[in-house]
Amino acid sequence: MSAASASTASDSVTETSRACRVWLQIGRWVGVLAALCAGWFVMQGVFWLVGRPPGVVAYVLTVMVTLALAGTVGTIWARLTGHQPRDPREVAGEIVTALDRIAHGDFSARVPLSENAGMRDLAASVNQMARQLGDLERQRQDFISSVSHEIQSPLTSIGGFAALLRQGGLDDATRDHYLDVICSETRRVSALGDNLLRLSALEESVDLDKREYRLDGQLRSVVLTLEPQWSAKGLDVQLDAAQVSVVADEDMLRQVWTNLVQNAIKYTPEGGRITVAAVGEEDGVRVSVSDSGIGIAADDLPHVFERFFRADRSRTGAGNGLGLALAHRIVELHGGGIEVSSELGVGSVFCVRLPGAFTRR
């Protein structure tokens with residue numbers, strides 16, 4: 001079961017449980033009110049049989065009997081339904097115990113909900129805090145694991161080829177090949193560090209250097225800059241960008257377009273086609289990068305913008321899985337959105353929508 005499905009199921013169970021508690025409480029109070037009425041009628045019958053005492057005495061006896069009967073009904077109902085009021089001190093002790101477990105790193109601690117409204121809200125808050133801290137801890141562990149894996153792979157290659165170079169007796173072509181691999185893996189580690197720093201910086205509050213500039217000119221510049229990469233694979237790259245100006249952080253958006261086009265080049269086979277398009281809309285600008293590449297499986301589509309995620313897991317040396325996460329964060333900072341549609345063996349389309357001021361020229 002996915003996390004979203006589990007969360008939905010948990011919410012459904014919680015709502016059902018809450019509804020059951022409400023109806024049980026209603027039933028309990030209906031029973032108590034019925035017991036109060038029954039107690040009054042019982043005492044009137046007793047007074048009719050044995051004679052009615054003075055007014056104050058009759059009143060006191062009636063109140064005592066009706067309250068005793070109502071209390072008995074309430075207690076029996078609580079025992080039958082298993083919803084007996086709990087001592088607030090007991091609930092407070094459970095909350096303290098749960099907080100102590102959470103402080104020591106046990107985020108599975110939960111506090112049973114009390115029928116007392118105040119204590120119930122406090123217990124629910126503690127449970128929510130434990131869940132959120134547990135999620136953060138899982139994310140931290142996943143992040144550490146992913147970074148360790150991404151660093152270990154190139155370092156293993158560097159160490160292995162360096163050891164081969166130390167053995168000597170290699171011809172010039174083999175030695176140059178080993179050195180090329182070492183340089184390539186070194187650049188990979190460096191790029192990983194740079195991207196991690198950028199992503200970490202973008203997670204904080206960022207002041208965007210927004211200014212008006214020609215978006216179509218920027219897209220054309222990115223395509224031309226990457227020409228050595230797409231021309232080496234014989235790709236047909238088309239630019240269909242209207243003359244549109246945007247108000248945005250130029251350097252940050254250049255990184256978005258570069259990442260998207262590089263991704264398209266990377267996963268499009270030789271002789272394939274890539275199209276970069278931009279059009280102004282009433283509420284902003286829409287930029288799309290489409291390719292005739294290998295595509296992305298439907299199960300992978302919800303995860304493509306996650307850190308270190310790579311749909312083609314067999315290509316261990318292709319990137320570090322941070323490019324799309326960076327692009328997503330930059331677009332998010334601009335108040336826009338990025339989405340992807342894809343089909344295996346057909347290709348992918350990444351679409352970016354940026355709101356705000358723009359002009360056509």
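View 1. Ala278 stands opposite Val287 in β5. These residues belong to a pairing of strand β4 (residues 273–281) with strand β5 (residues 284–291), which is antiparallel and extends over eight bridges; two strands are said to pair if DSSP finds at least two bridges between them. Helices (H or I, at least four residues) and strands (E, at least two) are DSSP runs, numbered from the N terminus. The model shown here is predicted, so that local features need pLDDT of at least 70 and side-chain atom pairs count only at pLDDT 80 or more, while totals for chains, interfaces and linings use all residues. Residues are numbered from 1 along each chain as its sequence is written, and side-chain values use heavy atoms, with hydrogens and water left out.

**View 2. The open sheet of five strands.** In this sheet, the strands follow the order β2-β4-β5-β7-β6, and their pairing is mixed. Because β2 (236–241) and β6 (337–343) stand at the edges and each has a single partner strand, one side of each is left without a neighbour in the sheet. From one strand to the next, the twist averages 10°. Helix α9 (residues 323–333) packs on this sheet and touches β6 and β7 (347–355), and its direction makes about 25° with that of β7. Here, contact means heavy atoms within 4.5 Å, and axes are lines fitted to C-alpha atoms, for helices over the stretch in contact, with angles running from 0 to 180 degrees between N-to-C directions.

**View 3. The hairpin of β6 and β7.** Strands β6 and β7 run antiparallel and are joined by seven bridges, and within this pairing Ser342 stands opposite Ser348 in β7. Three residues lie between the two strands of the hairpin, where Gly345 takes a positive phi near 80°. Which residues does Gly295 contact, leaving aside its neighbours within four places in sequence? They are Ser342, Glu343, Leu344, Gly345, Gly347 and Ser348. Gly295 itself is found in the loop between β5 and α9, and it counts as buried because its relative accessibility is 13%, where buried means under 20% relative accessible area, exposed means over 50%, and partly exposed covers what is in between (1.4 Å probe, protein chains only). From C-alpha to C-alpha, Gly295 and Thr268 are 8.7 Å apart in space, although they are 27 residues apart in sequence.

**View 4. Helix α6 against helix α8.** Two packed helices are described by the angle between their axes and the distance between the axes. For helix α6 (residues 215–225) and helix α8 (residues 250–266), the angle is about 45° and the axes are 10 Å apart. That angle makes α6 oblique to α8, since angles under 35 degrees count as roughly parallel, over 145 as roughly antiparallel, 65 to 115 as roughly perpendicular and the rest as oblique. The contact brings together Leu215, Gln218, Leu219, Ser221 and Val222 of α6 with Glu250, Leu253, Arg254, Trp257, Thr258 and Val261 of α8. By class, the residues of this contact are six nonpolar, three polar and two charged, where Ala, Val, Leu, Ile, Met, Phe, Trp, Tyr, Cys and Pro count as nonpolar, Asp, Glu, Lys and Arg as charged, and the others, Gly among them, as polar.

**View 5. Helix α8 against helix α9.** Helices α8 and α9 pack at an angle of about 145°, with a distance of 9 Å between their axes. On the α8 side are Met252, Leu253, Gln255, Val256, Asn259, Leu260 and Asn263, which meet Gly323, Leu324, Leu326, Ala327, Ile330 and Val331 in α9. The residues of this contact divide into nine nonpolar, four polar and no charged. The buried residues of α9 are Leu324, Ala325, Leu326, Ala327, Arg329, Ile330 and Val331, and the helix is followed by Gly335, whose phi is positive, near 80°.

**View 6. Strand β3 and its partner β1.** Five of the six residues of strand β3 (residues 244–249) are buried, so that the strand is mostly covered. Strand β1 (residues 210–214) pairs with β3 in the antiparallel sense over five bridges, and the bridge partner of Arg214 in β3 is Ser245.
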